[in-house]
Amino acid sequence: MALDLQKIRQDFPLLSTKVHGKPPIYFDNACASLRPQIVIDVVKDYYEKYSVCGGRSKYYLAEIVSQKMDAARIAIAKFIGAKRKEEIVFTRNTTEGINLVAYGLNWKAGDVILTSDKEHNSNLIPWQILVKTKRVIHKIVPTHEDGTFDLTAYENALKEQSVTLVAMGSTSNLDGVSFPMEKIVSLAHQHGARVLFDAAQTVPSQPVDVVKLDVDYMAFSAHKMLGPSGMGALYAKYALLEELAPFMVGGSTVEYTTYTDHKFLPPPEKFEAGLQDYAGIIGFGEAVKYLESIGLDAIVQHELELNTFLTAELTKIPRLKIIGPADPALRGGVVTFLVDGVDSHQIAMMADEMAGIMIRSGQHCVHSWFDARGVHTAARASVYLYNTLDECRTFTETIKKIISLF
Amino acid sequence: MFCIIAFVVFSILSLFSATHRPLAKEAMACVFRRMTLRPCNTGFKEKVKSRLTAKLAVRSTFAARTFNRHSEVFSWIFFVLMLWSTVWVIRGGVNFYLYGSCNGLNASGFCVFDPTGSNGKVTTVENTVCPTGPVEERKVTLGDLQLQNYPHQSEAGAEDKLVFIGCYSCDYTRKAYPMIQNILKLKPFDYTFIHFPAKPETQFLSDYVYCANKLDPQKFWTLNESLISSSVPDILAPKFVDGLVTKAGYDAGEFQSCLIDPATDAAVKKQEEEILTTGLYGTPTIFINDGVFVGPKPDRVYKRSLKGFWW
C-alpha cells in the first residue's frame, strides 16, 4: 500500500521549516532520521508532566514513569518479534549494545570473531581491542565486488576454523546492502557460533523477527528510526543475557549490596546502570508504535520506488559511480556515489547551499573499506518514509548541476 | 593561496562580525599548516570554495563554473592585488609620516590617515597669473625673491633658513603660523615673513607690511603678531589696522605718508610680481632650507627639514 506522504510529512515539524530559504530535503536518514511530532510530544511530556525517577520510587508519578518505560520495552520487543520484554536492554545506541556484548562475553585466547569487510567502526574497533587484550582472532569475510554477501566465503570461513561469534552489520550503512540474515544465523549455528547483528540500518526500514531469525544478539538505535537521540537497545536471547556480564555496573543493577559483595538483578536491569534516559525510552517506544502504524512493508516499497528513480537518474551522469550493486532493490534506501575528480564533501556542501539538500559525505565510519580500496570519500543519499519523488528529482537535478561546475 | 586570501578577508570581517571568527580561525590553522610545510587537510578550502560556488551557481552557472575551475587563479590575482595594495598602504603611511599626506609632499587626493585633507589645504591664489588645476610642488621655488626686501630676522648662529609666505586673513596661514612660531623657538633661524594677498580684500595690507618694514623693521614683528592674532573681520578694516600700527609704536602721520606715497604702491606691485615668480599657488607656502611645504603640515614634517633633525 502506498504511503500517504502528505499526511506523513505533516507529522514531521522539521519538514515545514526552511534551510537556506528553501524547504529542507533531508537525505541523511542513514545517519539519523527526523522525529515526528508525536515522539517530540511524549519526550516533552516527560519533562513537563512527570520528570521523576522511574523504577525505584513508589509514588504516583514514579509509577507512571515505570509504567511508560515498561510499555516502551514491550513495544520495542514486539516490534522486533522478541518473546519477552526482558530480552530488550536499553542502551545509548547500537555502539553501546555491541560493546556490551564485546566486553560482557567470557573470551578465551584463540576465540574467533567473524565480521564482513565493510563493517561500521562500531562493529570493528571492539573486536580489534579484544584481539589485543584477550588474544582473540578477528577474521574478515570478504564481500563480492558489488558489496553483496559472499555466502560461499562465509561458509568456508565457518568451516576453516571454529568461530565463536559472527558479528555483522545486517544492513550496510555504506551501500545499503542487506545481508541474508537468516542464512547467516543458521550457518553460524550449524557451526556452533553465535551471531550478533549490528542492525542499526535494518530495524528502521525492514520487518525483523528475531525469533524467526533465531539471532542471538541484535543491537539497534532509536535515532535512525524516528526515536530520540542517545537511545538504543540490545536484544539478546534471555539465556544469553543471563550469562552475559554487565558492561557497566552501579545503581539499579543490583538486588542488594554488602560492604564486600553484591547480587545483580536479573536481565535486563543488571545491564541498565544508573538513572536511565526515561524521556528517551518513552520516545523510543512511541517511535516504534508510529512505524508500526505506517507499516514496514510499505516503507520498504516506498524506499525502493525512490531509490529506483535516484539510481536511474544518477547513472545517467558521466563520471558518477554508485557504490554497491546496480540493482536499487538490493540497496534499500541508500545510494552512495562518487564522482571522478569531484570531492564528495564539496558535493554535499554545495547541495546544501544550493537546494537545502542534506546528504552525508566522507567515509561513513567505514574507513577500513575506503582504505583497502584506495577510495578517498563518497557521498551518500539515504531516503526514508517521508521523502518524496519530487525531492529526489530536485536532488538529481542539483547533483547534475554541481558536477557540471567541475 | 586560497587560505591566505580567506585568512585576510575573514580576519577583517571578524573585526565586525562574530560569525566570521570561526572561519578566520580555520583559515589561520590552514595557513599555519602551509607555513610549517604541511598540507592543509582541514577541508577549509573545500568548504569555503563550495559555499561560494554554490552561491554563485544559484545566480549564474557560468560564473560558478568559472570560479570553481579557476579559483586558484583568482586567489593568485587577489593575492597580487593584496600585496600591491599593502605596498601602497605602507607607502601611504610612510608619506603621511614624512609629509603629512599619503600621496607625497604637497600632494592632494584622499588620504585615509588624514580623511579631511587638513594637511594639504591651502588658500588658492586668486590671481590671473596663478596656474589653474593641479600644480606640482617642485615648481614652487624661491625663484627671484629678494629676501632682504621683506620683513626679515636673522639670529646669531642661524644655520637654518625659513621663509613663510602667508596671507593674514587666510585660515590655513593662521593655522600654520603658530606651528612655525614653535619651530622658530627650537633654534636660531634666518627668518623671512612675506604677506601675499591671496584674498583680494587683503591687498591693502601689503602696503602696511611694506611701510612697516621700511619705517622700522623691528616694530614690524609687533604689528605682524597683532595682525595674526586679531580677528579676520577686524583686520579687513583699515581703521582697525591703523590702530594696530599706532600700538606697535609707529608714528601715525609718518605711516600714512608712506601708505599714500605712489612709490609704495609701485614697490608693492613689484614685490607681488616677484613673489609670483616662485610659482606660488596657495598660502601658506613655507620654505625651510631645501623643503617647500604648501599648506599647514604636522610639526614633525617641518622639523624633519631642519638641520640636525632627521626623525
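Please keep in mind throughout that the model is predicted.

I begin with the interface. On the chain B side, 15 residues are in contact with 9 residues of chain A. The two chains bury an area of about 1,200 Å² between them, and 60% of that area comes from carbon and sulfur atoms. Within chain B, the residues that lose the most area to chain A are Ser50(B), Ala54(B) and Asn68(B), which together make up 33% of what that side buries.

Turning to polar terms, we find 5 residue pairs in polar contact between chain B and chain A, with both residues at pLDDT 80 or more. Two elements of chain B give two or more residues each to the side that touches chain A, namely helix 3, residues 44–59, and helix 4, residues 61–69. Helix 3 of chain B supplies the largest share, with 10 residues. By class, this side of chain B has 7 charged, 4 polar and 4 nonpolar residues.

How many salt bridges does the rule find across this interface? There is 1. Lys55(B) pairs with Glu353(A), and their closest N and O atoms are 2.7 Å apart.

Let me now consider one residue of helix 3 of chain B, Ala57(B). Is Ala57(B) buried or exposed? Its relative accessible area is 1%, so Ala57(B) counts as buried. Leaving aside residues up to four places away in sequence, Ala57(B) touches Met354(A), Lys401(A) and Leu405(A) from chain A, together with Ala64(B) from its own chain. The C-alpha atoms of Ala57(B) and Phe67(B) are separated by 9.8 Å, with the two residues 10 apart along the chain.

I move next to the hairpin. Strand 6 of chain B, residues 285–288, runs antiparallel to strand 7 of chain B, and 4 bridges join the two. In this pairing, Ile288(B) stands opposite Gly291(B) of strand 7. The hairpin has 2 residues between its strands, and Asn289(B) takes a positive phi near 50 degrees. Strand 7, residues 291–294, is covered on both faces: Gly291(B) and Phe293(B) are buried on one side, and Val292(B) and Val294(B) are buried on the other.

In chain A, Glu48(A) and Lys44(A) form one, with the closest N and O atoms 3.6 Å apart. Both residues belong to helix 2 of chain A, residues 37–49, and because they are 4 residues apart there, about one helical turn separates them. Glu48(A) is exposed, at a relative accessible area of 53%, while Lys44(A) is partly exposed, at 46%.

In chain B, the side chains of Lys47(B) and Glu26(B) meet at 2.6 Å, N to O. This pair links distant parts of the chain, with Lys47(B) in helix 3 and Glu26(B) in helix 2, 21 residues apart. Glu26(B) is partly exposed, with a relative accessible area of 26%.

A further salt bridge joins Lys187(B) to Asp160(B), again with 2.6 Å between the closest N and O atoms. Lys187(B) lies in the loop between helix 6 and strand 4 of chain B and Asp160(B) in strand 3, so the pair ties together parts that are 27 residues apart in sequence. Both Lys187(B) and Asp160(B) are buried. In chain A, salt bridges that share partners connect Glu313(A), Lys316(A), Glu397(A) and Lys400(A) in one network.

Methods
Residues numbered from 1 in each chain as written. Chains lettered and ligands numbered in written order. Predicted model: local features only at pLDDT ≥ 70, side-chain atom pairs only at ≥ 80, totals over all residues. Heavy atoms only, no water. Contact = heavy atoms within 4.5 Å. Buried area = accessible area lost by both parts, 1.4 Å probe. Salt bridge = Lys/Arg side-chain N within 4 Å of Asp/Glu carboxyl O. Polar contact = N/O pair within 3.5 Å; in protein donor to acceptor, adjacent residues only side chain to side chain. Nonpolar A, V, L, I, M, F, W, Y, C, P; charged D, E, K, R; others polar. Buried < 20%, exposed > 50% of the residue type's maximum accessible area, 1.4 Å probe, protein only. Pairing = 2+ DSSP bridges.
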